[in-house]
Amino acid sequence: SNVTNKTDPRSMNSRVFIGNLNTLVVKKSDVEAIFSKYGKIVGCSVHKGFAFVQYVNERNARAAVAGEDGRMIAGQVL
C-alpha cells in the first residue's frame, strides 16, 4: 500500500525514512525490492528525493536502517 503516514505511535517506530534517494532513477518497486529483505513491508511511499518504508514491526525497521544506512544507490549515498 502507499500508506506510511499513520499517526499511530507504534507504527512510527516501524517506519524507515530513506533520504537522498535518486527518485529519477529509483522507483517504488526498487525501494520495495531493496528493503523487503529486512521484513514484511506493509507500506511504501516514494517522493521527490526521499521515501518511507513501513514495516510490520520495529525490529524490521531497525535492521533495515542498520543494513542500508550509507549504502550507494543510483549514485547517491542514502
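Me: What do the buried residues of α3 pack against?
Reply: They pack against β1, α2 and β3. Keep in mind that this is a predicted model.

Me: Ok, and which residues of α3 are buried?
Reply: N60, A61, A64 and E68.

Me: Where do they sit around the helix axis?
Reply: They cover an arc of only 100 degrees around the axis, so they end up on the same side of α3.

Me: Which exposed residues are on the face turned away from that side?
Reply: That face of α3 carries R59, R62 and A66, which are exposed.

Me: What does D69 touch, leaving aside neighbours within four places in sequence?
Reply: D69 is in contact with A64 and L78. As for G19, it is 50 residues from D69 along the chain, and their C-alpha atoms are 9.6 Å apart.

Me: Switching to the sheet. What's the strand order?
Reply: It's an open sheet of three strands, ordered β1-β3-β2, and the pairing is antiparallel. β1 and β2 are the edge strands, each pairing on one side only. From one strand to the next, the twist averages 10 degrees.

Me: How many bridges link β2 and β3?
Reply: Six, in the antiparallel sense. In that region you can look for V46, which stands opposite A51 in β3.

Me: How do the helices lie on the sheet?
Reply: α2 lies across β1, β2 and β3, at about 135 degrees to β2. α3 packs on the sheet as well, touching β1 and β3, and its direction makes about 25 degrees with that of β1.

Me: How many residues are in the largest nonpolar core?
Reply: 17, and those with the most contacts inside it are I18, L21, V31, F35, V53 and Y55. The elements giving two or more residues to this core are β1 (15–18), α2 (28–35), β2 (41–47), β3 (50–55) and α3.

Me: Which residues does Y55 contact, skipping its neighbours within four places?
Reply: Quite a list, including F35, V16 and I41, as well as N60, A61 and A64.

Notes. Residues numbered from 1 in each chain as written. Predicted model: local features only at pLDDT ≥ 70, side-chain atom pairs only at ≥ 80, totals over all residues. Heavy atoms only, no water. Contact = heavy atoms within 4.5 Å. Core = buried A, V, L, I, M, F, W, Y, C linked by side-chain atoms within 4.5 Å. Buried < 20%, exposed > 50% of the residue type's maximum accessible area, 1.4 Å probe, protein only. Helix = DSSP H or I, 4+ residues; strand = E, 2+ residues; numbered from the N terminus. Pairing = 2+ DSSP bridges. Axes fitted to C-alpha atoms, helices over the stretch in contact; angles between N-to-C directions. Arc of directions from axis to C-beta.
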